[in-house]
Each structure stands twice: as structure tokens, then as C-alpha cells.
Amino acid sequence: SLRTFNKRLFSTCLKSLNIEKAPIAFVFDIDGVLMQTKNPILPFAPMTLTYLKDNKIPFILLTNGGGMKESSRIKFLNDKLTNNLSNADIGDDNNDSIKLLKTSQLVQSHTPMKNLIKKYNRVLVIGGLDPEAREVALNYGFNEVIRPIDIIKSTPNIWPFSRYTQHELIYHSLNPSISLINEKPIDAILVFNDPRDMGTDLQIIIDLLCSKNGLLGTRRIEKSSKPSIPIIWSNKDLLWSTGYPIPRFGQGAFRLSVRELYKSLNNGFELNDTVLGKPFSVSFKYAEWILGKEWKNLSNLNNESELNIEKFIPDLNVKPTENLFKKVYMVGDNPESDIKGGNDYGWETILVKTGVYKDGDFEINKNLSKPTFGIFNNVWDGVSAALKANG
Ligand code: G3P
Ligand code: MG
């Protein structure tokens, strides 16, 4: 059975490794490395994370995914990853009740946007599901969070083809519906995740970028590359891996549509926008802080004030001063986000074949970033090779 296979494979792999503890650390991408949408990549994902956790080797997750609270995503991942590898499979002495993953180990694409709560008061949050995405933004501390569903509820003819059901319009929009939609400006547009109703989101975003100072229902006269209000994307992934044989459009495809429409309405001016997420260093700097906290937490180096690391919010674009690790390995499936970002940041990089990257891609596109440490069939092969190399 799979359970027996897992057990044999797991114990065989462990025997072959003679691992010395070394302050190396791992940063894992999620989609295409540990998961394929809702399906864990078995048995390698749970096996790898369980091994690292049991041997106190620090690791965190850095994903361009998002749309839900970090705590909800971690619960989802723990359910998916540990239910497929019962305690029996990971040896009796590991039979502890502590969860495989902690919320403090997760950096989602929009997690760094926590830093913007003082800069913007009333934000339009795009992407993800209702009501989860609104809860994320409110949980971060934004004062007023508007969602496209609120706008459709109060002004349905802003986009007559919206896909919201009556149930969603009643239960997931702000109650009482905000009649102020056209009376109070929106300060910024935050794109948390992929849109679920691209038509509605495209129309509303372009309306705001070309509005008079963020007021819906208005149109500015001037044409410019500077939008009326800022738009901040949580990543620019053109493609991502869902487990479908061919990679799917990501938030980056949506961004290209917005940029092209903006250009057509602004005399050819390109949109000045802001993009976070991998491959950009802003996300790697943020992740390095979180990884450092995890390492201190594991080795009980945290002082009292640092214990509540879930509340810790690194400043945007500030690299940690302490160099806590001999080496950090970024493990990803996408050369354009995970590998490029890790290489540019000075980390070792491991590319796996369980996601976007497919054999032959480097021959087709010579500009793709190559991993510094190697290409492996799956996350366990990559991580075990790295552990051996640092044995
Ligand atoms: O929306 C998720 C996708 O853009 C990629 O996610 O985990 O592979 O960075 P991930
Ligand atoms: Mg990925």
C-alpha cells in the first residue's frame, strides 16, 4: 500500500543520509513544489518537511500565492500534508502533536503589504475569495476595505456582466451596503491574489486608475503614466502550476491585461505600478527576516520580546543585518520567480520538476534563470542532496 511504500521510502532515504547539523536553511515555494493546488505532492512534500522539522533544520514557506489569512493557509497545508503521512509513517519517536507547520513560517505574496496600513486608509482589495480576502486585509489593520462585490452591489451597472450570485451579494458584501461608494475616494488598489471575476475587476481597476483622485464614477482629463491612485500587485507570475499538464495564467497575466488597457486609455503611456513577490528582493528580504526568527525560535535564541513572532512585521525593503546561516537554499518550480529571485538574492537555488519547469525549457528559452545547486525530480531529492553536500 502507499502507506507501506511511504514508510519504506522514508526510512530508506533517511538511512542513506549521514546528516551533520549545519546552520543551513531552506525556503520553500508552495505551488509546484509542495502542493498542486489542493493536492499535496506525495510522499516527498510531507516527508521533507517532517524530516527538517524533526531535525530542527530551519525552513519557511515563501509563496506568490495568497488570498486567505496566513493562519488559514497553514491549517489547510497541515491538514493536507500531515493527513497523508500519519504519525506511524514518521516513526514512533516523532509522534508529537505539534503541527508540521506554524503560521509564523509562512510568507504569502501579500504578507509584506501589512506594512502599508499606515500609508493607505481606504483600500480596494482585488483577488481571492469573499469573505476571506477582506478578512485578511482587516486582519492586517487596514481601516476601510472595499471589495469589487461591494461596488457591484451598490452600482450593478458599473459592469453588467459580473459573476456574483445573489447569495454572495447578500452575505459577502459590506452591510449596510456602502452608498458612499462614489462619495469617498479610494486611496490604493491592493491586488492580493488572482481575480475570480476578471471582467468586473478589470473595469473597476481601470476606472480608478483613470479617475479623479480615486473617486469612482469620475474620469480625469489628463493622460499620464502616473495613475490617479497607486496599484500594488502581490506578484507578477505569468504562469503557475496547478497540476494541469500545462502551466496556468497567474496574477501576472491579469496585470498585463490591466497595463494594456491603461495604455490604450492614456495615449500610449505605460502604467507606473508597484509589484511585490518573487523574484523581487523586497520579498526575499522580508523572508530572510522571517527565516531568522524561525531559526532563533528553534534554537531558543529568541528573547522574551521576540517570542510572539507572528506579530513581527519586518520593514519593507530592509535586508537583515545578521547573517545567521551558512547557506540558504530556495527550492522552487518556476525559474522566472523562485530561481531568478533566489539567485539575485545570493541564495543557493534548487529547481524541481513537479511544477512549472519541464525538461527542455532551458533549451527553448535561453534567458531562463538556472539553479545554482541543481535540478531534481522532487523536493526530497533536492533537499537530501543539499543536506548531504553540507553534511
Ligand atoms: O497564485 C499562486 C501562483 O502565482 C504561484 O504560487 O506558491 O508557486 O509561488 P507559488
Ligand atoms: Mg511554484
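Modeller: An oxygen atom of ligand 1 lies 2.8 Å from an N or O atom in the side chain of D237. The model is a predicted one, and every distance given here is computed from it. The side chain of T63 has an N or O atom 2.6 Å from an oxygen atom of ligand 1. K278 takes part as well, with a polar side-chain atom 2.8 Å from an oxygen atom of ligand 1. Taken alone, ligand 1 would expose 310 Å², and the protein buries 96% of that area.

The residues around ligand 1 come from several stretches of the sequence: D29, I30 and D31; T63, N64 and G65; D194; D237 and W240; K278; and D333.

L238 sits in the loop that runs between β9 (231-233) and β10 (239-240). L238 counts as partly exposed because its relative accessibility is 39%, a value that falls between the limits of 20% and 50%. Together with F249 and L256, L238 forms a nonpolar patch on the surface, and the accessible area of the three comes to about 330 Å².

S241 belongs to the loop between β10 and β11 (248-249). With a relative accessibility of 6%, S241 counts as buried, since the limit for that class is under 20%. Leaving aside residues up to four places away in sequence, S241 touches D31, G32, Q36, D333, T354, G355 and V356. Of these contacts, D31 and D333 are also among the residues that surround ligand 1.

The wider setting includes charged pairs. Side chains of opposite charge can pair when their charged atoms come close. The structure holds 19 salt bridges. One of them joins the side chains of R219 and D207, with N and O 4.0 Å apart. This pair links distant parts of the chain, 12 residues apart: D207 is in helix α7 (198-209), while R219 is in the loop between α7 and β9. R219 is partly exposed, with a relative accessible area of 41%, whereas D207 counts as buried at 14% relative accessibility.

E270 and R259 form a salt bridge too, their closest N and O atoms being 3.4 Å apart. E270 is in the loop between α8 (251-265) and β12 (274-275), and R259 is in helix α8, 11 residues apart. At 39% relative accessibility E270 counts as partly exposed, but R259 is buried, with a relative accessible area of 16%. Both residues belong to a network of salt bridges that also links R255, K263 and D273.

A further salt bridge joins the side chains of D344 and K340, with a distance of 2.6 Å from N to O. These two residues are separated by about one helical turn because they lie 4 residues apart in helix α10 (residues 335-345). D344 counts as exposed at 53% relative accessibility, and K340 as partly exposed at 35%.

As for the chain as a whole, the secondary structure comes to 12 helices and 15 strands. Of its 391 residues, 53% count as buried. Among contacts with a separation of 6 or more, 71% are between residues 24 or more positions apart. The accessible surface comes to about 17,700 Å², and carbon and sulfur atoms account for 53% of that surface.

Note on methods: Residues numbered from 1 in each chain as written. Chains lettered and ligands numbered in written order. Predicted model: local features only at pLDDT ≥ 70, side-chain atom pairs only at ≥ 80, totals over all residues. Heavy atoms only, no water. Buried < 20%, exposed > 50% of the residue type's maximum accessible area, 1.4 Å probe, protein only. Contact = heavy atoms within 4.5 Å. Areas by Shrake-Rupley, 256 points an atom, 1.4 Å probe, with all protein chains shown as cover. Patch = residues over 30% accessible without salt bridge, like charges linked within 9 Å, V, L, I, M, F, W, Y side chains within 5 Å. Near = heavy atom within 4 Å. Polar contact = N/O pair within 3.5 Å; in protein donor to acceptor, adjacent residues only side chain to side chain.
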